[in-house]
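Here is a short briefing to read alongside the model. Keep the structure open and follow along topic by topic.

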Amino acid sequence: MTAAGQVESKRNAGYRAAAMVEDGMAVGLGTGSTVFFAMERLGERIAREGLRITGVPTSYQAAIRARRYGIPLSSLDEHPELDIAIDGADQVDPGLNLIKGRGAALLREKCVCDAAREVIIVVGPTKMVDTLNAPVPVEVLPFGVAGVSRRLSLLGAAPVLREGVKKDGPVVTDNGNFILDCGFGAIGEPRDLEAAIAAIPGALECGLFTAYKEKITVIVGEETGCRVVSLH
Ligand code: 5RP
C-alpha cells in the first residue's frame, strides 16, 4: 500500500469509529496517528451537530490533540466508567488479542480500555496478523529496571531499553517510567505471557491486551472504506 493509501486507511477507520459515538457519551481517547482521525471527526461533529461528549485522554499527546479539535476533556477520576473508548493498536490477531504501546502510552491506555463498556480499535490492514510477533513494550519502574529486565529475559525476551528521539537517554513515559521493548518472537499464548509479565514486581504494565476481546470491535480501514471485526 502506498503512503497515501495508508493515510486513507487510517482516516477511514478513524471516521467510522467517530460515527459510533453518541450524544452524551464519555469517550476514552487513545494515542496515535489513527485515533487522531477519530478525534478530528468528533471535533467536526461537535462543531456541526452540537454533539456533546466528554473525552478522557490516554496521554499528553491525546489531550493536546483533543483540545485542538475542541473536544471537552475530563479524567478517569470523574468518569471511572466510560461509554466507549477509541484506540489504535500495533498488531491484532484473529482472537482480537492486541499488542499496543508503540507510543509508550500503554499503561493509561489499558486503564481506559478497562474502564470502557465498549472498545473500538482502529487500524490499517497491515496491523492484522495471524500470530502476534511484534516486540511487547513493558512499562517499568526505573528503580527496578535491571531486575525486571532479568525476569523478562527468563521469559524468553530480549529486552531493549527504549531510547528517546531528539532526547538523549531513555524514553520517560507520561507516568515517569521507562519502556523495555521485548522481542519474544511468535507469541503462542498471549494471555499466559501477559499474566507472566504482570507477575514481575516493577513491571507496571505490558502492551499485550488479551482480556478485552468480548468488548472489542476492530475497524480495519482500507483505502476505500473499512471492514469491521468482532467476536460478538
Ligand atoms: C500508543 C499505541 C498506539 O495506539 C499504537 O501504537 C497505534 O498507533 P498508530 O495508530 O499511530 O499506528 O498503542 O501507545
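Predicted model: local features only at pLDDT ≥ 70, side-chain atom pairs only at ≥ 80, totals over all residues.

Residues are numbered from 1 along each chain as its sequence is written, and side-chain values use heavy atoms, with hydrogens and water left out.

**Overall build**

- The protein chain contains six helices and 13 strands; these are DSSP runs numbered from the N terminus, with helices (H or I) of at least four residues and strands (E) of at least two.
- The radius of gyration of the protein chain is 17 Å, which agrees with the value near 17 Å for a compact globule of 232 residues; the radius is taken over C-alpha atoms, and the globule rule is 2.2 Å times the number of residues to the power 0.38.
- Along the principal axes, the C-alpha atoms of the protein chain fill a box of roughly 55 × 35 × 35 Å.
- Contact means heavy atoms within 4.5 Å; among contacts in the protein chain between residues at least 6 apart in sequence, 75% join residues at least 24 apart.

**Pocket and cavity**

- On a 1 Å grid over the protein atoms alone, a cavity is a set of points where a 1.4 Å probe fits but cannot get out, whereas a pocket is an open set with protein on both sides within 12 Å along at least five of seven lines; lining residues have an atom within 4 Å of a point.
- Grid points are joined across faces, edges and corners, and a volume is the space filled by probe spheres set on the points.
- The largest pocket has a volume of about 180 Å³. Of the 14 residues lining the largest pocket, Gly32, Ala89, Asp90, Arg102 and Lys127 are the closest to its centre.
- By class, the lining of the largest pocket has one nonpolar, seven polar and six charged residues (Ala, Val, Leu, Ile, Met, Phe, Trp, Tyr, Cys and Pro count as nonpolar, Asp, Glu, Lys and Arg as charged, and the others, Gly among them, as polar).
- How many cavities of 30 Å³ or more does a search of the whole structure find? The search finds one.
- The residues that line the largest cavity include Gly28, Thr58, Asp87 and Cys113. Strand E3 (82-87) and helix H4 (106-115) are the elements that give two or more residues to this lining.
- The lining of the largest cavity divides into four nonpolar, three polar and two charged residues.

**Positive phi**

- Most residues other than glycine have a negative phi.
- Leu96 has a positive phi of about 60 degrees and sits in the loop between strand E4 (91-92) and strand E5 (98-99). Leu96 counts as buried because its relative accessibility is 1%.
- Lys166 also has a positive phi, near 60 degrees, in the loop between strand E8 (158-161) and strand E9 (178-183). Lys166 counts as exposed because its relative accessibility is 86%.

**Arg45**

- Arg45 lies in helix H2 (residues 33-49) and is buried, with a relative accessible area of 15%.
- Not counting residues up to four places away in sequence, Arg45 touches Ala18, Ala19, Val21, Gly50 and Leu51.

Notes
Buried < 20%, exposed > 50% of the residue type's maximum accessible area, 1.4 Å probe, protein only.
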